[in-house]
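Subject: Structure handover

Hello,

Here is the structure you are taking over. My notes on it follow below.

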Amino acid sequence: MSLHGSLNWFPAEQQQLEEENGLSRHHFRVGQFSIPLLSQVIHLNTVLSDGTDPGRPDETGWALWPASTLISSLLLRCEIRGCDVLEIGCGTGMCGLVARRCSARRVVLSDREPGIVALAGTNSRLQPHLLPIEVHQYGWQAGDRWPQDRFDMVLASDVLYGPHTSCRYEPNMLKQFVDMLDRCVAVDGTIILGHVERNCLGHIDVVESMAERFEVQVLQPEECVAAALMSRDGNAGLRCVKILWCTRRGASPFVKMPPLSPLELGGQATSLHDQPMSIGG
């Protein structure tokens, strides 16, 4: 299966600077932070493989997707200072980089595709005045390496693709995904999963699978970002995302869920940025 754009709108402070291999550099406005990032710009004629096409790797990690907007907005409101954070299926690494800017103690970016791992490493080195960010090749498919450490927070932004024959997720793939999360998150840890509904019953599959191991709270997009952002033209992609905030049953999470209300920055109600929206990638 391939994905066609235009699929992503994201705030950018500066005009894109063309780089080689079809990637562009933007400085994205995330709260009070400016995040330099290399990514692929998604146009109407852009076609990316999601990894289910025979003989083609997963290419979705080269671009930014709306789920990262919601996760980043939540991270801005969480107290994650001193946390160890893992991002799986990190793509460009946006969410993990935002966590690092929010003073997470340790951030590990990970993806299963070698080219995407290299991209995440490049983006980690673009960040100003930061301690090193770890980048590793991890995944949840058969034979993939898993992290050996446990983390206070695990981030997964729009990482599930591929319908089963009945328009549901392939059960074994979903089990491996949940198994990996169960192995990686600490006893008092939190998982923030941004899920985009692509299969008829895919969201039900994900929620039910996660609920077998964790306490799951489903957040609507308007609970994560300000109404002013949700109402802007071109933001239909945000409305397709649900956030699953997951913790272990009976545990006292190290990171508490933030207030689900618009974030005030610079005297204006906003969630992720206070700049006009422009196409990003």
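Does Asp158 count as buried or exposed? Asp158 counts as buried, because its relative accessibility is 5%, below the 20% cut-off. Please keep in mind that this is a predicted model.

Backbone

Asp158 sits in the loop between β10 and α4. Its phi is near 55 degrees, a positive value in a residue other than glycine. Most residues other than glycine have a negative phi. Ser103 is another non-glycine residue with a positive phi, near 75 degrees. Ser103 belongs to the loop between α2 and β8 and, with a relative accessibility of 25%, counts as partly exposed.

Sheet

Seven strands make up an open sheet of mixed pairing, and their order is β9-β8-β7-β10-β11-β13-β12. At its edges are β9 (134-137) and β12 (215-219), each of which pairs on one side only. From one strand to the next, the twist averages 20 degrees. Strand β8 (residues 106-111) runs parallel to β9, and four bridges join the two. Asp111 has Gln137 in β9 as its bridge partner.

Helices on the sheet

Helix α2 (residues 94-101) lies across β7 (84-88), β8 and β10 (151-157), and runs at about 175 degrees to β8. Helix α4 (residues 171-184) also packs on the sheet, where it touches β7, β10 and β11 (185-196). The direction of α4 makes about 145 degrees with that of β11.

Helix pair

How do α4 and α5 lie relative to each other? The axes of α4 and helix α5 (residues 202-211) cross at roughly 40 degrees and come within 10 Å. The two helices are therefore oblique to each other. The crossing of α4 past α5 is right-handed. On the α4 side the contact involves Leu174, Val178 and Leu181, which meet Asp205, Val206, Ser209 and Met210 in α5.

Cysteines

How many disulfides does a search of the whole structure find? The search finds zero. Cys95 is in no disulfide, and the nearest cysteine sulfur, that of Cys90, is 9.7 Å away. A pair would need its sulfur atoms within 2.5 Å. Cys95 is buried, with a relative accessible area of 1%. Cys246 also counts as buried, at 1% relative accessibility.

Regards

Technical notes: Residues are numbered from 1 along each chain as its sequence is written. This is a predicted model: local features need pLDDT of at least 70, side-chain atom pairs count only at pLDDT 80 or more; totals for chains, interfaces and linings use all residues. Side-chain values use heavy atoms; hydrogens and water are left out. Buried means under 20% relative accessible area, exposed over 50%, partly exposed in between (1.4 Å probe, protein chains only). Two strands pair if DSSP finds at least two bridges between them. Axes are lines fitted to C-alpha atoms, for helices over the stretch in contact, and angles run from 0 to 180 degrees between N-to-C directions. Contact means heavy atoms within 4.5 Å. Angles under 35 degrees count as roughly parallel, over 145 as roughly antiparallel, 65 to 115 as roughly perpendicular and the rest as oblique. A crossing is left-handed if the near helix is turned anticlockwise from the far one by less than a right angle, and right-handed if clockwise.
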